[in-house]
Amino acid sequence: MLGASGTGLVRALRAGTQVWLWGSRGRSLTLLHAARGLHAGDGRPSAGRGQLERRPSLPAAAIVNSAPRPLQPYLRLMRLDKPIGTWLLYLPCTWSIGLAAEPGCFPDWYMLSLFGTGAVLMRGAGCTINDMWDQDYDKKVTRTASRPIAAGDISTFQSFVFLGGQLTLALGVLLCLNYYSIALGAASLLLVITYPLMKRITYWPQLALGLTFNWGALLGWSAVKGSCDPSVCLPLYFSGIMWTLIYDTIYAHQDKRDDALIGLKSTALLFREDTKQWLSGFTVAMLGALSLVGVNIGQTVPYYTALAAVGAHLAHQIYTLDIHRPEDCWDKFTSNRTIGLIIFLGIVLGNLWKEKETDKTKKNIDNRVEN
């Protein structure tokens, strides 16, 4: 019930932002199976093949389809028609930026916009890197043979040049930050380049994805404050990694048969029937780390209410998960977008609540002085 309530809390926010970077779930089940791709299919740098490629956002897909024809292969290479991965990359940044706001204040909207732009660019760059690494695999798999590089719509050289353009623009965004954040952001590039290879050598590619995908939990705070506070940033980063292990393991179960056939690894293949126990452990770790963040930064009632809603949402998600039904895995996976928004909303409202507590404290002090 709490999970349903949490969904209701952000329904208006979701409706207002759906056109921007939002993945909808409007594609039919037939297309869901037809579009089974490798992890980068969502447009984010991937830990496993074809994940997040199921159902493109209808508004985003319409925008891509209406673009000039020569540009369309590049837009599909960036996965602009499938923006769900951008949200999963962007949301940990919003948490960090929100936590760094002064008590009683909204998050820095300039930073939120800047990081949103960076998320689109870095997600596109990571997708390009992944498709360059995996083009030989993609050509052999029906569901990925239509990707721009594999299909020959874009050559390897063209994709390399395009990657350079995306990284240059992303660098431009990074240079808008302070020197500490520039160095911190640059440090993530090695992870972005190498972690798509992890699915070839370890059953824990989702962990590598988590380390890469939640870098914004560190960068957002430093962009606002000028440096990282380990008591806040490290548990926040850890909670994001646990969150990635949850949603990406669920997603990996959609492609576990194909991954096993072509020799790729994932936590879905590692956990098998014990998946729910592992996901429950990751959930406890995630909520524990987020609670520690709240204690260390002095968060208030709305924040912990949001964590309770997230816990209920994840408990329902895991309890009802059918790892043998790809369409159910997809639905559970995409619902994590709601989780990220609930946490962000809890951070914002919790921070605004601090002003009320401060005002109350000041009044109590004034009354004592008068008496």
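In this predicted model, the lining of the largest pocket draws at least two residues from each of helix 6 (84–99), helix 7 (109–140), helix 8 (156–174), helix 9, helix 10 (189–194), helix 12 (205–213) and helix 13. The space in this largest pocket amounts to about 580 Å³.

**The largest pocket**

- A total of 24 residues line the largest pocket, and those nearest its centre are Met122, Leu174, Gly185, Ser188 and Leu219.
- The lining comprises 19 nonpolar and 5 polar residues, with no charged residues.

**Helix 9 and helix 13**

- The axes of helix 9 (residues 179–187) and helix 13 (residues 216–225) approach within 8 Å and cross at roughly 165°.
- Angles over 145 degrees count as roughly antiparallel, and helix 9 and helix 13 are therefore roughly antiparallel to each other.
- Their crossing is left-handed.
- Helix 9 contributes Tyr180, Ser181, Leu184 and Gly185 to the contact, while helix 13 contributes Leu218, Leu219, Ser222 and Ala223.
- Of these contact residues, 5 are nonpolar, 3 are polar and none is charged.

**Helix 12 and helix 14**

- The axes of helix 12 and helix 14 (residues 230–252) also come within 8 Å, crossing at roughly 135°.
- Helix 12 and helix 14 are therefore oblique to each other, and their crossing is right-handed.
- Among the residues that meet here are Leu207 and Phe213 in helix 12, and Tyr237 and Asp248 in helix 14.
- The contact of helix 12 with helix 14 includes 9 nonpolar, 4 polar and 1 charged residues.

Note on methods
Residues numbered from 1 in each chain as written. Predicted model: local features only at pLDDT ≥ 70, side-chain atom pairs only at ≥ 80, totals over all residues. Heavy atoms only, no water. Axes fitted to C-alpha atoms, helices over the stretch in contact; angles between N-to-C directions. Helix = DSSP H or I, 4+ residues; strand = E, 2+ residues; numbered from the N terminus. Parallel < 35°, antiparallel > 145°, perpendicular 65-115°, else oblique. Left-handed = near helix turned anticlockwise from the far one by under 90°. Contact = heavy atoms within 4.5 Å. Nonpolar A, V, L, I, M, F, W, Y, C, P; charged D, E, K, R; others polar. 1 Å grid on protein atoms, 1.4 Å probe; cavity = no way out; pocket = protein on both sides within 12 Å on 5 of 7 lines; lining within 4 Å. Points joined across faces, edges and corners; volume = space filled by probe spheres on them.
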